[in-house]
Amino acid sequence: MNIRLLIRGIISESFVPTGRYLYHSSNPINRDSIAAHGLRPERGDQWLSDTKIEGKAVFATDSENRKDHYYSTYDDDFWRIDTHKCPNVVWMYDPNFGKDY
């Protein structure tokens, strides 16, 4: 692991050390765009106005269990992210995780 990222993780509680794979769920309407361009950070329309996340993001989980993934009420696609192919990404905790909306 990059020592700078490790130090940043110790300093910042929001840094998430990850394993090899993360998983992202998305509405099938995004399928063609994701297949053509990959997952790109965006600020989605579904974000709550009081979200503590600034800027754009891609939400993911390290759980392979689909019950642990975000449930949008759609028959979502599930994408596996190989973190070894995106070494410059700093993964952060979602401050909304665990809230009941």
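**Exercise 1.** Determine how many helices and strands the protein chain has, and in what order they run.

*Solution.* Helices (H or I, at least four residues) and strands (E, at least two) are taken as DSSP runs, numbered from the N terminus. The protein chain has 2 helices and 2 strands. Read from the N terminus, the order is α-β-α-β. The model is predicted: local features need pLDDT of at least 70, side-chain atom pairs count only at pLDDT 80 or more, and totals for chains, interfaces and linings use all residues. Residues are numbered from 1 along each chain as its sequence is written, and side-chain values use heavy atoms, with hydrogens and water left out.

**Exercise 2.** Decide whether serine 26 is buried or exposed, and describe its surroundings.

*Solution.* First, locate the residue: serine 26 belongs to strand β1, residues 21-26. Next, apply the cut-offs: buried means under 20% relative accessible area, exposed over 50%, partly exposed in between (1.4 Å probe, protein chains only). Serine 26 is buried because its relative accessibility is 6%. Then list its contacts (heavy atoms within 4.5 Å): leaving aside residues up to four places away in sequence, serine 26 touches Ile34, Asp76, Asp77 and Trp79.

**Exercise 3.** Identify which residue lies over the face of tyrosine 21, and at what distance from the ring centre.

*Solution.* A charge sits over a ring if NZ of Lys or CZ of Arg is within 6 Å of the ring centre and within 35 degrees of the ring normal. The residue over the face of tyrosine 21 is arginine 80, at 3.9 Å from the ring centre.
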